Amino acid sequence: MRAVTWHGRADVRVDTVPDPVIQEPTDVIIEVTSSGICGSDLHLIEVMAPFMSVGDVMGHEPMGVIREVGSEVTELKVGDRVVVPFNISCGTCWMCNQGLQSQCETTQNRDQGFGASLFGYTKLYGQVPGGQAEYLRVPFGNTLPIKVPEGPADDRFVYLSDVLPTAWQAVQYAGIPNGGSVLVLGLGPIGDMAARIAQQLGAGQVFAADVVPERLARARARGVTVIDTTEQSDVVGRVRDATDGRGPDAVIDAVGMEAHGSPLATLAQKATAVVPDAIMEKVMQVVGVDRLAALDTAIEAVRRGGTISLSGVYGGATDPMPLMRMFDKQIQLRMGQANVWRWVPDILPLLTDADPLGVDDFATHHVPLAEAPEAYMNFREKKEGTVKVLLQP
Ligand SMILES: NC(=O)c1ccc[n+]([C@@H]2O[C@H](COP(=O)([O-])OP(=O)(O)OC[C@H]3O[C@@H](n4cnc5c(N)ncnc54)[C@H](O)[C@@H]3O)[C@@H](O)[C@H]2O)c1
Ligand SMILES: [Zn+2]
Ligand SMILES: [Zn+2]
């Protein structure tokens, strides 16, 4: 089959690899019909590169049609339409029963000291072949895939794999009081969707900051108060002015360790060396090379006693955190990979024809698998208005 494979920093290709086969009696094989490219995939071709191997199949946001089922699969049959969560969770262990699927005790990577395995991710998370491919082997066929109805286009459901539950968890963890205020940092797919969900769930004021014009425009069009950090770098001051001088009740950090700088200090220069793009240089000058720039903004901006919800993925162990400031402001901090299945029942009722979250036209690009390398680079460098790409094998 054809699949998007990892070859190095800023280097993904489309290769022919062996078709996946049933390995366990509870496995299913799906034919992939849509598969998202995620901000987390960018980490893999940048700062997380040391944890990847040449030939790894990328991707963790797939949906498709069941083509084969193992002998013990009773809940799904050939032909069913399913979305596959990005965390590989058994659905039956103690952690899964707590709604902590990203900590699944059946797939936890104890040898690495990391949580549940993820599709298409690093050695730290099991190095499991991903879903930017024509076919995907999915374990736990009775409990992991999310069965979705026939009818609407893939765009309606595909974000159940990651974007929707991640943004939903970001908003839940933010604990925004009814009618309260939230600042979203970063308007990539995750931040954009988090802002939409915050509005949907009754936040009174939703602010969001980014540097990319198209991304700011998308949020502005949906009634978010956007702050372009290239023209007005005082995000903290602007949001404070609009919240009686206190700051927002909550801040959602949807930035994480992206191309412009890195908390993995020894790797940061390598990462930035491969980003010659003009926008990235501007971003670096304006928001700084320190990957904690967004987190620092969150700590300063949030009101005293407020909550910071981190959905951006961070790495590195030695970054100093301003603990005195955090203690004094009595900040609550919540974070983690999304527990996909935990939020699915809450989200599904919103994926109706009325489409309150705007999933139907959320993707900016639909491209065939063969064009994945170009799409990756456009997404990474925020060119051609790229916000969300769906690959269609
Ligand atoms: N927790 C989870 O389960 C989970 C799931 C999916 C993605 N993620 C993470 O969420 C983050 C965002 O993902 P995405 O797909 O939206 O990626 P993305 O890279 O498209 O979005 C990041 C956005 O942040 C903006 N940005 C950079 N520095 C900023 C700053 N200092 N202030 C404000 N904005 C800034 C960028 O311009 C960009 O638009 C990534 O770190 C990704 O790994 C986490
Ligand atoms: Zn993702
Ligand atoms: Zn489990």
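Reply: First, a term: donors are N, O and S atoms within 2.8 Å of the metal (3.2 Å for Na, K and Ca), and water is not among the atoms, so sites may look incomplete. This is a predicted model, where local features need pLDDT of at least 70, side-chain atom pairs count only at pLDDT 80 or more, and totals for chains, interfaces and linings use all residues, while side-chain values use heavy atoms, leaving out hydrogens and water. Residues are numbered from 1 along each chain as its sequence is written, with chains lettered from A and ligands numbered from 1 in the order in which they are written.

Me: What spacing do the donors of the zinc ion (ligand 2) follow along the chain?
Reply: Cys38 (SG), His60 (NE2), Glu61 (OE) and Asp162 (OD) hold that zinc at 1.8 to 2.3 Å. Read along the chain, those donors give C-x21-H-E-x100-D.

Me: How many residues apart are Cys38 and Asp162?
Reply: Helices (H or I, at least four residues) and strands (E, at least two) are DSSP runs, numbered from the N terminus. Cys38 is in the loop between strand S3 (28-37) and helix H1 (39-44), and Asp162 is in the loop between strand S7 (146-147) and helix H3 (163-174). So the pair links distant parts of the chain, with a separation of 124 residues.

Me: Which arrangement do the four donor atoms around the zinc ion (ligand 2) make?
Reply: Four donors count as tetrahedral if all angles lie between 85 and 135 degrees; four count as square planar and six as octahedral if opposite donors are over 155 degrees apart and all others between 65 and 115, and anything else is irregular. Here the angles run from 96 to 131 degrees, so the arrangement is tetrahedral.

Me: And the zinc ion (ligand 3): what spacing do its donors follow?
Reply: Its protein donors are Cys90 (SG), Cys93 (SG), Cys96 (SG) and Cys104 (SG), 2.3 to 2.4 Å away. With angles of 104 to 116 degrees among the four donor atoms, this site is tetrahedral. Along the chain, the spacing is C-x2-C-x2-C-x7-C.

Me: On to the rings: which residues do ring pairs link into a cluster?
Reply: Rings of Phe, Tyr and Trp (its six-membered ring) pair if their centres lie within 6.5 Å; planes under 30 degrees apart count as stacked, over 60 as edge-to-face and the rest as tilted. Phe114 and Tyr125 are edge-to-face at 5.2 Å centre to centre, with 80 degrees between the planes. The cluster linked by ring pairs is Phe114, Tyr121 and Tyr125.

Me: Is Phe114 buried, exposed or partly exposed, and why?
Reply: Buried means under 20% relative accessible area, exposed over 50%, partly exposed in between (1.4 Å probe, protein chains only). Tyr125 is buried at 14%. Because its relative accessibility is 31%, Phe114 is partly exposed.

Me: Which ring does the charged end of Arg334 sit over?
Reply: A charge sits over a ring if NZ of Lys or CZ of Arg is within 6 Å of the ring centre and within 35 degrees of the ring normal. Arg218 lies over the face of Phe362, at 4.8 Å from the ring centre. For Arg334, at 3.8 Å from the centre, the ring is that of Tyr173.

Me: Last one: what is the relative accessible area of Val138?
Reply: Val138 is found in strand S6. Contact means heavy atoms within 4.5 Å, and leaving aside neighbours within four places in sequence, Val138 touches residues including Val28, Ile30 and Phe119. Val138 is buried, with a value of 0%.
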